Amino acid sequence: MKKINIIIFAALITTVISCKKNASEQSNTIGKTTIKSRSLASSPGDVVGKVVVGYQGWFAAIGDGSPINAWWHWSQDQSQAPSTNNLGVKSWPDVRDYTSTYQTGFANLNNGQPAKLFSSFTDQTVNTHFLWMQQNGIDAAALQRFNPNGSEGPIRDAITAKVKTAAETYGRKFYIMYDVTDWTNMQTEIKTDWTNKMSAYTSSSAYAKQNGKPVVCIWGFGFNDNDHPWTADVCLDVINWFKAQGCYVIGGVPTQWRTAPAGQDSKPGFLATYSAFNMLSPWMIGRVGNISDADNYYNNVNIPDQAYCNSNGIDYQPCVLPGDLQGHQRVHGDLMWHEFYNMVKLGCQGIYISMFDEYNEGNQIAKTAESSAFIPAGSSFVTLDEDGTACSADYYLRLTGDGGKMLKGQIALTATRPTQPVVSSSSVAPIGQTVTFKGSNNLYVSSENGTQPMTCNRTTAQGWESFIVVDAGGGKIALETQGKYVSSENGTQAITCNRTSVGAWEQFDWVSNADGTVSLRGNNGLFVSSENGTQAMTCNRTTAGPWESFKINQ
């Protein structure tokens, strides 16, 4: 296909739309192959007009009860716990929201807590991930499905069922995304897998539908390497087979899918095959490492990609990525937001986030160690504050949520990210006010006048049970009563109220919970617990449950 000046091309598209707006199909010749063009972009559905995250769900640990019973994807030698010399990931996750974690071979975190990791086989892990998606307005997850016919098949099958349950529970959508890399008998086995296993999931209320059809994605057709050896005709057969099953089919295709053979990552002769997909989602990992790269691809790849898709009735779902954290690419969210801005300005039909939980390549948006306090001592993991700007563990989830709002027109198109790296506790806490804290046992927290460890066992609130909320700076708060401050004691012993000044142990995050209660998180990253009033209070909980949630002024 000859290259056409983009301005002239845009004018031609406008003319075609004007003349053919009542026609559902038109002919288009590509090389020697004639294809039928579909109508222009689809109406909003579960992928069009939506933000989708790539979801690996491929982590496991020895002892987690999974069929694989190995440190799957955490370690190079999966029979051994991850350690400095046996590591399969670039980034260290923040694990404070998980109830089940597994001990690694690393030294303790710099905050003194044991260095543990999660397993994707644990129900609570998958539920937590889909809760994060719900909390941040992420619409859907594309569950990666590699060759399920080998030893990893049983655990992949099990995690698919867990994803279905979690998506239903938290009101998110999901769909199957086949990664055909290294799949030897792909042409027959992918059809068998869909028929015998995966198609059953389309009956779920959470399974993504577009244009009334269940969504399936195939990633890897046409890549110019030995891991994707199939001809254009074989790939076209698979695409058409899925379409004959009534599916809306997305193609995860090479970056330079339009320009082969000049494009180095795509095999020549595949353009007609790519054009058979309902939606195209070109791969961008490794292409964009800074804002200049993002603009270069926007001008030279994304704009002509979108024009081609528009003229051929194909939906376009470009990738947006946060950047490789270990490679210092993120610039506290500026790179990712610039990509969001470019893609929304482009007028794309949807956005694919690469990726949700890809700690292996360092491009995850899921909660990640925010500072050196949350990585193993002596390790070389890069944390979210690596460029000197403090970022909360959930920052890239929140950034993705705002990007989705911009895509949907809920906020204006803006080149300046609206998402603050850290949500200040002092902006939501009642600074300067005197408050009382009532635990889940319906009793009040007492300072014990600073003479002994604090408790949560008072039936009435008086002076010792009243605290002034003080702005401690840096988004933190402190609690003062009768000239003394509450201290977390760094979580190593029962908390007290006996400090005369505010230091690190006297600073807390004021966390507002969905049920109207609040929780207090110490500088060790752990939550204050009432211990249900049966013993002295502590600051050593990894998650905020009932004992870590307090009613204010009741």
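Predicted model: local features only at pLDDT ≥ 70, side-chain atom pairs only at ≥ 80, totals over all residues.
Colleague: Is Cys 247 buried or exposed? And how is Cys 497 classed?

Modeller: Cys 247 has a relative accessible area of 2%. Buried means under 20%, so Cys 247 is buried. Cys 497 has 1% relative accessibility, so Cys 497 counts as buried too.

Colleague: Why is Ser 205 called exposed?

Modeller: The relative accessible area of Ser 205 is 57%. Exposed means over 50%, so Ser 205 is exposed. Ser 205 is placed in the loop between α4 (186-196) and β8 (209-210).

Colleague: What does Ser 205 touch, beyond its neighbours within four places in sequence?

Modeller: Glu 168 and Lys 173. Ser 205 and Glu 168 are 37 residues apart in sequence, yet 6.9 Å apart in space, C-alpha to C-alpha.

Colleague: What makes Asp 324 and Lys 90 a salt bridge?

Modeller: Their side chains meet at 2.7 Å, N to O. The cut-off is 4 Å between a Lys or Arg nitrogen and a carboxyl oxygen of Asp or Glu, so the pair qualifies. The two residues are 234 residues apart. Asp 324 is in the loop between β13 (319-320) and α8, and Lys 90 is in the loop between β3 and β4 (102-103).

Colleague: How are the two partners, Asp 324 and Lys 90, classed by accessibility?

Modeller: Asp 324 has a relative accessible area of 15%, so Asp 324 is buried. Lys 90 has 33%, so Lys 90 counts as partly exposed.

Colleague: Which residue forms a salt bridge with Lys 367?

Modeller: Asp 97, with the closest N and O atoms 2.7 Å apart. This pair also links distant parts of the chain, 270 residues apart. Lys 367 is buried at 15%, whereas Asp 97 is partly exposed at 23%.

Colleague: What about Arg 541 and Glu 531?

Modeller: Their side chains meet in a salt bridge at 3.0 Å, N to O. Arg 541 is in strand β26 (residues 538-541), and Glu 531 is in the loop between β25 (527-529) and β26, ten residues apart. Arg 541 is partly exposed at 23%, and Glu 531 is buried at 5%. Salt bridges that share partners also join Arg 145, Asp 157, Asp 193 and Lys 197 into one network. The count of salt bridges comes to 25.

Colleague: Why is the pair of Phe 270 and Tyr 274 called tilted?

Modeller: Their planes are 35° apart. Under 30 degrees would be stacked and over 60 edge-to-face, so the rest are tilted. The centres are 5.7 Å apart, and the limit for a pair is 6.5 Å. Both Phe 270 and Tyr 274 are buried.

Colleague: Which residues form one aromatic cluster?

Modeller: Phe 59, Trp 74, Tyr 98, Phe 118, Trp 132 and Tyr 359. The count of aromatic pairs comes to 32.

Colleague: How do you know that the span of α3 is close to the expected one?

Modeller: Helix α3 (residues 153-170) has 18 residues and reaches 26 Å from its first C-alpha to its last. At 1.5 Å a residue, 26 Å is expected. After α3 comes Gly 171, whose phi is positive, near 65°.

Colleague: What covers the buried residues of α3?

Modeller: The cover includes β3 (51-55), α2 (123-135), β6 (140-145) and β7 (173-179). Among the buried residues of α3 are Ile 155, Ile 159, Val 163 and Tyr 170.

Colleague: How many residues has the largest nonpolar core?

Modeller: The largest core has 130 residues. Those with the most contacts inside it include Phe 130, Trp 194 and Ile 351. Helix α8 (residues 334-346) gives the largest share, eight residues. A second, separate core of 22 residues includes Ala 429, Ile 477, Ile 495 and Phe 508.

Notes:
Residues numbered from 1 in each chain as written. Heavy atoms only, no water. Helix = DSSP H or I, 4+ residues; strand = E, 2+ residues; numbered from the N terminus. Expected span 1.5 Å × (residues − 1). Buried < 20%, exposed > 50% of the residue type's maximum accessible area, 1.4 Å probe, protein only. Contact = heavy atoms within 4.5 Å. Core = buried A, V, L, I, M, F, W, Y, C linked by side-chain atoms within 4.5 Å. Phe/Tyr/Trp six-rings, centres within 6.5 Å; stacked < 30°, edge-to-face > 60°.
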